Amino acid sequence: MAGVGPMTQDWEPVVIRKKAPNSAAKRDEKTVNAARRSGAEIESVRKFNAATNKAASSSTSLNTKRLDDDTENLAHERVPTELKKAIMQARGEKKLTQSQLAQLINEKPQVIQEYESGKAIPNQQILSKLERALGAKLRGKK
């Protein structure tokens, strides 16, 4: 209830102090040296595995073992030999270079080179473009 009764002032002094030192300040070199000079008891403890990254390296050994045990052979499907030969033969009959054929189907010359060398992963869209441009059937039964 503000305003009820006589108002008095509080004349007690207010003392503002610094905060107590935190744990980082207690470990500060200056503080430790001052404590040694005063004869205080100092305990130093070294942390187990300090400054090492053993936790990260131990988990990789489990993954490595799992990878070693894995016998499944994973590989992408590549262009079969018959398809490579069919593309080269049809391109030769049309008297086109790899870059000309690539320009006809709106692809990079590198794509045609990969298909003819057998390094490409077969893409049905590109194969249909090649069939249209070369006028030859490249997929399915001949």
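Modeller: Let us begin with a definition: a residue counts as buried when its relative accessible area is under 20%, as exposed when that area is over 50%, and as partly exposed in between, using a 1.4 Å probe and protein chains only. This is a predicted model, in which local features need pLDDT of at least 70 and side-chain atom pairs count only at pLDDT 80 or more, while totals for chains, interfaces and linings use all residues. Residues are numbered from 1 along each chain as its sequence is written, and side-chain values use heavy atoms, with hydrogens and water left out.

Colleague: Is K95 buried or exposed?
Modeller: K95 sits in the loop between α4 and α5, and its phi is near 55 degrees, a positive value in a residue other than glycine. Its relative accessibility is 72%, and therefore K95 counts as exposed.

Colleague: What is the relative accessible area of N106?
Modeller: N106 is found in the loop between α5 and α6, and it has a positive phi of about 60 degrees although it is not a glycine. This residue is exposed, and its relative accessible area is 67%.

Colleague: How many helices does the protein chain have?
Modeller: Helices are DSSP runs of H or I with at least four residues, strands are runs of E with at least two, and both are numbered from the N terminus. From that end on, the elements of the protein chain run α-α-α-α-α-α-α. With zero strands, the number of helices in the protein chain is seven.

Colleague: How many residues of helix α2 are buried?
Modeller: Helix α2 covers residues 29-38, and just after it G39 takes a positive phi of about 90 degrees. The helix lies largely in the open, because of its 10 residues the number buried is one.

Colleague: At what angle do the axes of helix α4 and helix α6 cross?
Modeller: Axes are lines fitted to C-alpha atoms, for helices over the stretch in contact, and angles run from 0 to 180 degrees between N-to-C directions. The axes of α4 (residues 81-93) and α6 (residues 109-117) come within 7 Å, and they cross at roughly 125 degrees.

Colleague: Which word describes how α4 lies to α6?
Modeller: Angles under 35 degrees count as roughly parallel, over 145 as roughly antiparallel, 65 to 115 as roughly perpendicular, and the rest as oblique. The crossing angle is roughly 125 degrees, and that makes the placing of α4 to α6 oblique.

Colleague: Which residues of α6 make the contact with α4?
Modeller: Contact means heavy atoms within 4.5 Å. From α4 the contact is made by K84, I87, M88 and R91, and from α6 by Y115, E116 and S117.

Colleague: Within what arc do the buried residues of α6 fall?
Modeller: The buried residues of α6 are V111, I112, Y115 and E116, and what covers them includes α4, α5 (98-104) and α7 (124-134). The arc is that of the directions from the helix axis to the C-beta atoms. Seen down the axis, these buried residues line one face of the helix, because they fall within an arc of 130 degrees.

Colleague: With which residues is E131 in contact, leaving aside its neighbours within four places in sequence?
Modeller: E131 lies in helix α7, and it counts as buried because its relative accessibility is 16%. With those sequence neighbours left aside, E131 is in contact with A136, K137, L138 and R139.
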